[in-house]
There are 2 protein chains.
Amino acid sequence: MEALLSTSERSESGRQPLHRFFAHCAADATLREELIRIAHVRGFSSGETIVGEGEESGLVGAVISGVLRVQKTMPDGRQQIVGLLFAPNLFGRVFSRVSPVAIEAATDCRLCCFSRAAFEAFLARHPSVEHDVMLAVLDELDAAQEWMLLLGCKAVQERVASFLLMILHQADVGGGAARRRQRMVNVPITRHDMAVYLGTTAETISRTIQDFARRGVLRIINPQRFEVLDEARLAFLSGRATDPGDVDEPSLRSA
Amino acid sequence: MEALLSTSERSESGRQPLHRFFAHCAADATLREELIRIAHVRGFSSGETIVGEGEESGLVGAVISGVLRVQKTMPDGRQQIVGLLFAPNLFGRVFSRVSPVAIEAATDCRLCCFSRAAFEAFLARHPSVEHDVMLAVLDELDAAQEWMLLLGCKAVQERVASFLLMILHQADVGGGAARRRQRMVNVPITRHDMAVYLGTTAETISRTIQDFARRGVLRIINPQRFEVLDEARLAFLSGRATDPGDVDEPSLRSA
DNA sequence: GTCACGCCTTGATCCAGCGCAAAGAACGCA
DNA sequence: TGCGTTCTTTGCGCTGGATCAAGGCGTGAC
C-alpha cells in the first residue's frame, strides 16, 4: 500500500502512472498517513462483482491492475457497459447511498479499496483532494458523453474502430513520460463484453474485426491481440470523433 | 438576480425550485453577496449557441427558464444530444479550458451566467459550494449512464416511451412540495431534436408517437402536447418494467 | 491422451428502422 | 389575405445488423 503512494506500481502492462489523486496525497505526509490508514488492497477474479447495481455497497477506491466493467442491466436481462476502468482510475459512486451501476471485474484485478464513509470523511477534511475527485468525475462525464455519441450515431464498424483506438491509446498512457506510439493492441476483455460495451453483438464484432484484417488495417495475432498496420485508416474508419491521430494529443484540460 | 437567490422564480411552466447550489448560497449572506457580484442574467433565443464544441468559452451558469441542449457533432455532421438542461440545472464545463460539447438554446431561455474564471475562484474560496457542484456533476453522470443504456439497448419504441416519461416527471419536479402527478406532457423541443437525443430520426419518432396514440396510450393534442392516458402502459413500453399489473402487451423481446 | 467447456468464427435468414420523397399543418411576414 | 418557411406526418423500398445455427479452436481437468 505504501508503494502505491510513494512510487508507481508495476503491472503486467508496464509502469502505471499514479492518479492525480494519489500523486497529490503522496506529496503530503499527513494525507499519506491518513489515506494508508483507511486503505486496503484486495484482489478480485474475473467475473466477480465488486458493487451490485442498486446495491448499498459502501466501497470505493482505485484500480491498481486489471480492468473493471461498469454496467447497467434492464429487467429483461439486456445489459450495457457504461464504462471500463483501467489503472489508475477511481471506481465507486461517492456521495450516494446506492450505486446506480454494477461494478464487476472484467479481468482478474487488484484494487485499492476504501469504505465509502471513511473516504468521504477524508474528502470532507481535505477539500483540495475532493477537488481532485471532482476532476476525475468530470473526466468520466466527458468519456460518457463521447460514448453516447458513439452509441447514438456511429455504425458498428466505426464503433469497433473507435474502441480499438481507445485501447491503443490506453496502452500509450501506461508508458508514462516515454510514451511510445503503440502498434500492438491487447484487448483485455471478451468479444461478448466488447459487444455489450459497443451496443452490438459478439458475432457482429467478430465479423467486423475479420473484415479489418481482410482489408489490411490490422493483423490478428490471436483473438485478444492485434497489430495495427494502418492507424490512419483505423482513425478514419472510427469516424474521427476523437483526436485526428497524427498530432500528439494535447491534454484537453488545463486548469 | 437577487430574486434568484431569495425566492423561487416564476416561469411559464410554474414555480421552479432552487438548485441546491443556489439554496446553499441564498442561506449565507456572504455567499449571496459574492455570487450576485459575479452573476448576470442573459436571454438567448432558440437556436443560439451559448458555448461551441471544442471552443474556449469561459461561460458557466444555471438555467432560469427554457431548455438547453448539450450536444456533440461528428465531422460529417451527424450529431447526438448528450443532455437536455431544464431549470434549475447548471450548465457549462467547469475546470476545463475548452468545452468538449456544444451548449445551445433548444428554446428561448434565460440563463444566470458567470465567467468560468470568476466562478471557479468563487468555488475555490468556498469548498462547501464546490461540493454542491460536484453533486450536480455526479447527477449528470448518472443521467448520462442511464442514457447510454437507452442508446445501447433499447428499441426505438422504448426510447420514445422513456423520453416521454422523463419529460412527464420533469414537469412533476416543477410542482415543488405539492407535486401532483402530471398527465399532460409538454415536449419543449422539435421532433428533430428528440430524434437527435434518442439516436434515431424524426420520421421514426413521429411514427412511434402516432402508434402510441392509436393504441390508446396517449392522446395527441398538438405536436408538442400530449395527454398520457395510460402511464403504467407507457412505463411498461419504456422497458423500465417491474410492472406486474399489466398482463399482456406483446413485448418485442423477453428473457 | 481425450474429453468437455468456453470462446470465437462463419453462414444464412429476416426485420426494425433508416432514407427518400411528398403531402399536410402551423406560423410568421408583408 | 396570400405566401414562404419550417415542422410534422405518411408511404415505401432497402439494408445494416440482429438472430439463429453450426462448426472450429484453445485450454484445463483428469
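The surface near DNA strand C is made up of six nonpolar, nine polar and four charged residues, where Ala, Val, Leu, Ile, Met, Phe, Trp, Tyr, Cys and Pro count as nonpolar, Asp, Glu, Lys and Arg as charged, and the others, Gly among them, as polar. "Near" here asks for a C-beta atom, placed from the backbone, within 6 Å of the strand. Of the 19 residues around DNA strand C, those that come nearest are Arg191(A), Ser206(A), Gln210(A), Ala155(B) and Thr204(B). At least two residues each come from helices H7 (191-198) and H8 (202-214) of chain A and from helices H6 (156-174) and H8 (202-214) of chain B; helices (H or I, at least four residues) and strands (E, at least two) are DSSP runs, numbered from the N terminus. H8(A) gives the most, with six residues.

All of this comes from a predicted model, in which local features need pLDDT of at least 70, side-chain atom pairs count only at pLDDT 80 or more, and totals for chains, interfaces and linings use all residues. As for labels, residues are numbered from 1 along each chain as its sequence is written, while chains are lettered from A and ligands numbered from 1 in the order in which they are written.

On confidence, pLDDT (the predictor's confidence in each residue, from 0 to 100) averages 86 in chain A, with 84% of the residues scoring at least 70. Residues 7-14 of chain A fall below 50, and this stretch has 17 contacts in the model beyond near neighbours in sequence; a contact means C-beta atoms, placed from the backbone, within 7 Å. Residues 241-255 of chain A also stay under 50, with 20 contacts beyond four places in sequence. Where pLDDT is low, the predicted coordinates should not be read in detail.

Now for the two protein chains. Chain A puts 38 residues into the contact and chain B 37 residues. On the chain A side, strand S7 (79-86) and helix H5 (127-153) each supply at least two residues, and H5(A) has the largest share, 18 residues. By class, that side has 21 nonpolar, nine polar and eight charged residues.

Leu138(B) lies in helix H5 (residues 127-153) of chain B. Beyond its neighbours within four places in sequence, Leu138(B) touches Phe95(A), Ser96(A) and Val137(A). Leu138(B) counts as partly exposed because it has 19 C-beta neighbours inside 10 Å; 20 or more other C-beta atoms within 10 Å make a residue buried, 12 or fewer exposed, with C-beta atoms placed from the backbone.

Inside chain A, strand S9 (residues 102-105) is covered on both faces, with Ala102(A) and Glu104(A) buried on one side and Ile103(A) and Ala105(A) on the other. S9(A) runs antiparallel to strand S4 (residues 49-51), joined by two bridges, with Thr49(A) partnering Glu104(A). Four bridges link S9(A) to strand S6 (residues 67-73), again antiparallel, and here Val70(A) stands opposite Ile103(A). Strands pair if DSSP finds at least two bridges between them.

Methods
Two residues are in contact if their C-beta atoms, placed from the backbone, lie within 7 Å.
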